[in-house]
Amino acid sequence: ILPGNRIEITELPIGVWTQTYKENVLEPLLHGTDKTKAILNDYKEYHTDTTVRFVISFTAGEFDRIRAEAGGFHRVFKLSSSISTSSMHAFDENLCLRRYDNVNVILREFYTLRLDFYVKRKSYLVGMLTAEAEYLDNQARFIVEKCNGTIVVENKKRKVIIEELLKRGYKPNPTREWQRLINPKFD
């Protein structure tokens, strides 16, 4: 609900396309039909390729009338739909298509699988962030040592500079090292 007796629709029922919704729901409410009068003053569309956004303004008195009704805006704008759960099929952990009787069976079966993947993802992110932190630590240490005059890189060959940095404990590239460790094909 927006100021000025307007509403904003940002979600449509599952399987309903934006253009279809506009033609079958909003246009009849804007222009009226043989059986119903027009209840909308205007609607504006502000969609992107991934989001839906209609801003709707009402004729005088209609906003308050619809808001007071049971089901109100959801009923008038057909914003809800039902989904049949009598035939649920999904791929199991072995990638075999299987029929499930209810949602709880699916949740119980996939809970441990998802938990394992959450643990794997966390360890991946921790490893990646640790490697990035080491890389940034090397950079900061180099800048400080360069500013203090501890390291001199001017008028030296690259090979000599690299050897000196390795002697001082700098790692060549911790991020790339870590990526090679987890995925040998990364080279």
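1. The model discussed here is predicted. In the second largest pocket, helix α1 makes the greatest contribution to the lining, with four residues. Helix α1 spans residues 18–31, and together with α3 (72–76) it belongs to the elements that each provide at least two lining residues.

2. The second largest pocket holds about 250 Å³ of space. Its lining comprises 13 residues, and those nearest the centre are Leu-29, Thr-36, Ile-39, Val-76 and Lys-78.

3. Fourteen residues line the largest pocket, with Ile-162, Leu-165, Tyr-170, Lys-171 and Pro-172 the closest to its centre. Two helices, α4 (103–148) and α5 (158–167), each supply at least two residues of this lining. The largest share, five residues, is that of α5.

4. The lining of the largest pocket contains nine nonpolar residues, three polar ones and two charged ones.

5. Attention may next turn to the strands. Strand β3 covers residues 54–58, and it is largely enclosed by the rest of the structure because four of its five residues are buried, that is, under 20% relative accessible area.

6. Which strands pair with β3? Strand β1 (residues 6–9) runs antiparallel to β3 and is joined to it by four bridges. Strand β2 (residues 40–45) also pairs with β3 in the antiparallel sense, over five bridges.

7. On the β1 side, Ile-7 stands opposite Ile-56 of β3. On the β2 side, Lys-44 stands opposite Val-55 of β3. As a general point, side chains in a regular strand alternate between the two faces of the sheet.

8. At the level of the whole chain, how is the protein divided into domains? The assignment gives domain 1 as residues 6–77 and domain 2 as residues 88–182. The centres of domain 1 and domain 2, taken over C-alpha atoms, are separated by 48 Å.

How values were computed
Residues are numbered from 1 along each chain as its sequence is written. This is a predicted model: local features need pLDDT of at least 70, side-chain atom pairs count only at pLDDT 80 or more; totals for chains, interfaces and linings use all residues. Side-chain values use heavy atoms; hydrogens and water are left out. On a 1 Å grid over the protein atoms alone, a cavity is a set of points where a 1.4 Å probe fits but cannot get out, and a pocket is an open set with protein on both sides within 12 Å along at least five of seven lines; lining residues have an atom within 4 Å of a point. Ala, Val, Leu, Ile, Met, Phe, Trp, Tyr, Cys and Pro count as nonpolar, Asp, Glu, Lys and Arg as charged, and the others, Gly among them, as polar. Grid points are joined across faces, edges and corners, and a volume is the space filled by probe spheres set on the points. Buried means under 20% relative accessible area, exposed over 50%, partly exposed in between (1.4 Å probe, protein chains only). Two strands pair if DSSP finds at least two bridges between them. Domain bounds come from an automatic or database domain assignment.
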